[in-house]
Amino acid sequence: MDSTNYSVVSEFVLLGLSRSRELQIFYFVFFSALYIVIVLGNLLIIIAVTSDSSLHSPMYFLLGNLSFFDICQASFATPKMIVDFLSERKTISFTGCIAQIFFIHLFTGGEMVILVSMAYDRYVAICKPLHYMIIMNHSTCTALVLISWAVGLIHTLSQLSFTVKLAFCGPNEVDSFFCDLPRVVKLACIDSYITEILIVVNSGILSLSTFSLLVSSYVIILVTVWFKSSAAMAKAFSTLAAHIMVVVLFFGPCIFIYVWPFTTYPVDKFLAIFYTVFTPILNPIIYTLRNRDMKAVMGKIAAQYLRPPKIAEMPFVTRIPHD
């Protein structure tokens with residue numbers, strides 16, 4: 001760089017979803033209610049999986065970890081977004097911005113691997129039922145969860161390694177409700193073309209590899225049961241329907257955003273809302289409404305904590321009048 005004086009950016013301005021005051025009040029109420037439902041819904045799944053012995057199985061163990069990822073993913077930026085709806089100037093410090101980038105890629109990368117682990121669990125359960133408990137033992141399930149966190153950590157550290165060395169010395173307005181990496185990189189005051197390519201390749205490798213593993217596992221399962229019977233095919237499809245729906249809802253917005261990551265579209269910020277806010281609330285709804293065991297256990301928990309306390313019954317004594 002030349003000797004020109006540059007002012008170092010110490011904070012970023014988040015433009016948010018809308019500048020309309022009326023819309024911001026509506027968004028504040030709507031997303032506040034939505035966030036409460038996300039936390040309570042996923043927390044209820046975690047409590048159900050850990051407290052009820054009938055749900056102590058590999059599938060529900062992974063589902064509980066998916067719910068934990070959903071709570072984390074909804075919490076890295078949503079609370080600040082809600083507070084910002086009531087703020088005139090929506091700013092975030094440079095350190096806070098880097099923290100948001102770190103956590104979104106950590107949780108998103110980890111959730112991708114958890115979804116692959118859940119698909120592998122269904123593959124073993126349907127295609128190798130006699131060996132299910134041997135293959136999907138406690139050590140295997142724990143290893144799958146640890147791998148998901150490790151992959152998420154490696155992914156986010158590699159993304160940050162491309163970003164932290166960039167110089168930000170001019171524009172500081174991010175057209176989103178959080179520090180979305182592609183939009184932040186565009187604000188760098190040096191040529192960031194190579195960095196942009198590396199970020200796309202990094203996200204692309206993780207997204208495409210996990211998505212390919214998911215699709216391959218579903219295809220193998222369906223092909224395997226196809227040759228058994230129509231009843232087995234129907235049961236397998238019913239089991240996989242919830243998984244496939246979650247995968248489509250989660251990967252769809254991510255793929256769209258990162259196919260053209262440095263060409264901004266008005267719909268991008270709403271797609272970002274979808275995979276950071278709406279997907280975490282859809283996961284518990286999809287998995288619980290299609291699962292009789294989970295519905296039964298959650299019903300018992302809700303009845304236990306929401307049922308009004310019983311009034312102590314007093315013995316009723318009939319007094320017989322004497323003549």
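Predicted model: local features only at pLDDT ≥ 70, side-chain atom pairs only at ≥ 80, totals over all residues.
1. **H1 against H2.** Helix H1 covers residues 21-51, and its axis comes within 9 Å of that of H2, with a crossing of roughly 155°. Angles over 145 degrees count as roughly antiparallel, so H1 is roughly antiparallel to H2. The crossing of the two is left-handed. On the H1 side the contact uses Tyr 35, Ile 38, Val 39, Asn 42, Leu 43, Ile 45, Ile 46 and Val 49. H2 contributes, among others, Tyr 60, Phe 61, Leu 63, Gly 64, Phe 68 and Asp 70. By class, this contact of H1 with H2 has 13 nonpolar, 4 polar and 1 charged residues.

2. **H2 against H6.** Helix H2 (residues 58-75) also packs with helix H6 (residues 138-163): their axes come within 10 Å and cross at roughly 20°. With that angle, H2 is roughly parallel to H6. Here the crossing is right-handed. From H2, the residues in contact are Pro 58, Phe 61, Leu 62, Asn 65, Phe 68 and Phe 69. Their partners on H6 are Cys 141, Thr 142, Val 145, Ser 148 and Trp 149. The contact of H2 with H6 has 8 nonpolar and 3 polar residues, and no charged ones. If you are looking at the model, Phe 61 and Phe 68 of H2 are worth a glance: both belong to the contact with H1 and to the contact with H6.

3. **H4 against H8.** Helix H4 (residues 94-127) packs with helix H8 (residues 193-226) at an angle of about 15°, and the axes are 10 Å apart. The two helices are therefore roughly parallel to each other. Their crossing is left-handed. H4 brings residues including His 105, Gly 109, Met 112, Leu 115, Arg 122 and Tyr 123 to the contact. H8 brings residues including Ser 203, Leu 206, Thr 210, Leu 213, Tyr 218 and Ile 221. By class, the contact of H4 with H8 divides into 14 nonpolar, 7 polar and 1 charged.

4. **Cavities.** How many cavities of 30 Å³ or more are there? The count comes to 3. The second largest cavity has a volume of about 60 Å³. Its lining is made up of Leu 14, Gly 16, Leu 17, Ser 18, Gln 24, Met 81, Asp 84, Phe 85, Lys 90, Ser 176 and Phe 177. By class, the lining of this cavity has 5 nonpolar, 4 polar and 2 charged residues.

Technical notes
Residues numbered from 1 in each chain as written. Heavy atoms only, no water. 1 Å grid on protein atoms, 1.4 Å probe; cavity = no way out; pocket = protein on both sides within 12 Å on 5 of 7 lines; lining within 4 Å. Points joined across faces, edges and corners; volume = space filled by probe spheres on them. Nonpolar A, V, L, I, M, F, W, Y, C, P; charged D, E, K, R; others polar. Axes fitted to C-alpha atoms, helices over the stretch in contact; angles between N-to-C directions. Helix = DSSP H or I, 4+ residues; strand = E, 2+ residues; numbered from the N terminus. Parallel < 35°, antiparallel > 145°, perpendicular 65-115°, else oblique. Left-handed = near helix turned anticlockwise from the far one by under 90°. Contact = heavy atoms within 4.5 Å.
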